[in-house]
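Look first at how the chain is divided, then at what lies between the parts. The annotated positions come last.

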Amino acid sequence: MTHPLGLAPTKIIAVHLNFRSRAAERGRFPDEPSYFLKPPSSLSWTGRDLVRPEGTELSAFEGEIALVIGKRASRVPRDAAADYIGGITAANDFGVHDLRYADRGSNLRSKGADGYTPVGPVLLDPREVDLRDLRLRTWVNGELVQDDNTGDLLFDFAYLIADLSRNVTLEPGDIILTGTPTGATVVAPGDVVEVAVNDTERLRNTVREVEPLAKPGARPRVTREDRAAAVGGAVPAIKPETEAALRSVSTATLSSQLRKRGLHHTFLTGLRPARPDLRMVGTAHTLRFLPLREDQFAERGGGMNAQKRAVESIGPGQVLVIDAREDHGAGTLGDILALRAVKRGAAGVVTDGCLRDSPAFEGLDLPAYSAGAHAAVLGRRHVPWEVGVDVACAGVLVRPGDVLVGDAEGVILIPPALVDEVAADAVAMEREERFILERVADGEPIDGLYPLGAAKRAEYERWSE
C-alpha cells in the first residue's frame, strides 16, 4: 500500500538520544549523536494498528518529529543543511523491547517490524515554521504524556543532516526520526497513541495484540535493563545496602571520609532543610537557571519550560538540583511543582536559591534544602534554561547521577564511583565514634581516646565484638 503522504524512503534513520529531558532520564548525555536504521517496510501511517505479538509485554511508544529529506544530500555543511528538509511531520518510533536483548544494538527485531514507524498525517513546510521552536506532544488514551519543543534538542536538525551526510547520502524521501523527549513508556493492547507537531492533526494509532511469533528465532525475554528502557527512567544507581548505610550516617561523617580521599569541595554550603526530620538520599537530576533577560524569558519561560520539564522528567530516587547562581532574589520552586515531584517519586529538592510557598514544604513528604524563602516568582530573577547538564549549586559542581545525601545539617555530594566504599567506611567510623562518646560521657580524658591510640583500639575491638 502507498503512504497517504506519498512517502517512499530508501531508509529511515533514528537518533538514539536527542532531547535533554530524555537524556536526563537515561543519565547519559552524548557528545555526538548516534543512530540506528529502521527498514522502509516499517513505515506506516495514521489509523493503522501497532501490533505486538502475544507473549510480549514491553510495547513502548516514542513520540518524535520526523524530517523528510527534500533533495539529495551528500557532505552538506551545517549552515546549509536546513535547505535539504522537504517536510516535517509527526512520528511514533514504536518498539517491542522484549526482543531488544537479541538485537545486539541494531534494534531490528525490537523496532524494525512492519508498521512500527507510523508517520503523518500532515506534512509541514519547513519554510513556514520556526525549526527552533516546534512543539511535540504525545497523548495516550487522551492524556497528555509528552510535551516538549525543539529548543530542548541536544543536536538540532541542521546538525543531524550535516553529520549524517558526511558519509551517508540522504536521498529525497528519506526520513530522520529526531529523538523523543521524556514521558515515553509502555502501552498495552487497546491503548490509543496520538502524536502531533505544533497544532496539526494528530497521528493516531491503536495498539493491538496478534498471534505469537512463529519459530525459529529469538523468543521474547524481559531483562531488567530492557524493562527500564521501555518503561522510562534511569536504572537505580545506588545499591539498597549502600542507601541504607547512607541513611544511617551523618553528612559530617561522610565529609570526613571524602576528605580522606582528597575531596574537599563536596558540602553544599549555606542550605537549610525545610524539614530537618527527613533524611535524603538520591541521585542528581539537574536544572539550570540563567540570569533574567526579558526577551529570553518571553521565549523560554512559558509553557513546558525547562523548570516544568525537569519536574516531569524526574524519576524515583532522584533529587532535583537547581542551579540558581546563589541568587536569593526570587523563588525557584513552589508547592505545586514540588507536589508533582513527590508524585513522581522524587527523593528531594536542593536549590541554592529560595523556595516559594515555603510554609507548604513543612507539610510535604519531601526533603527540601534551600538558601531561604522568597515570595516572588522565578521570572523576577531567572530564565529556566536547561535540564540534565552539569551545574554549580551552593559552591559545588554537581553532575547528573551524582549521589546526594542530606540530613539536618545540610547536603553533601558523593561521586558515584566512590559511594559504596564511602558508605561502608562511614558506618565503621560512626561505630568507632559511638565507643568514644560513651567513654567521654563516663568522664574519660580524650588523650589516647580521640583519636584511638593502641591501648584504646584494643579496648574498642573487644567492645565491638
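Two residues are said here to be in contact when they have heavy atoms within 4.5 Å. By that rule, in this predicted model, ten residues of domain 1 are in contact with twelve residues of domain 2. The domain assignment places domain 1 at residues 12-231 and domain 2 at residues 265-414. Taken over C-alpha atoms, the centres of the two domains are 31 Å apart.

How much area is buried between domain 1 and domain 2? The figure is about 870 Å², and carbon and sulfur atoms give 51% of it.

Charged pairs also cross this interface: three salt bridges are found between domain 1 and domain 2. One of them joins Arg 309 to Asp 148, with 3.3 Å between the closest N and O atoms. On the side of domain 1 that touches domain 2, helix H1 (20-26) and strand S11 (143-149) are the elements that give two or more residues. The residues on that side of domain 1 comprise two nonpolar, four polar and four charged.

The remaining topic is an annotation. An unreviewed UniProt entry gives the feature "binding site" at Gly 334, Asp 335, Ile 336, Leu 337 and Arg 356. These positions are spread over 23 residues of sequence, yet they cluster in space, with a largest C-alpha distance of 10.4 Å. Among them, Asp 335 lies in helix H9, which covers residues 335-343.

Terms used:
Residues are numbered from 1 along each chain as its sequence is written. This is a predicted model: local features need pLDDT of at least 70, side-chain atom pairs count only at pLDDT 80 or more; totals for chains, interfaces and linings use all residues. Side-chain values use heavy atoms; hydrogens and water are left out. Domain bounds come from an automatic or database domain assignment. Buried area is the accessible area (1.4 Å probe) that two parts lose on being put together, summed over both. A salt bridge is a side-chain nitrogen of Lys or Arg within 4 Å of a carboxyl oxygen of Asp or Glu. Helices (H or I, at least four residues) and strands (E, at least two) are DSSP runs, numbered from the N terminus. Ala, Val, Leu, Ile, Met, Phe, Trp, Tyr, Cys and Pro count as nonpolar, Asp, Glu, Lys and Arg as charged, and the others, Gly among them, as polar. UniProt positions are given in the numbering used here, feature names are shortened, and annotations may be inferred rather than shown by experiment.
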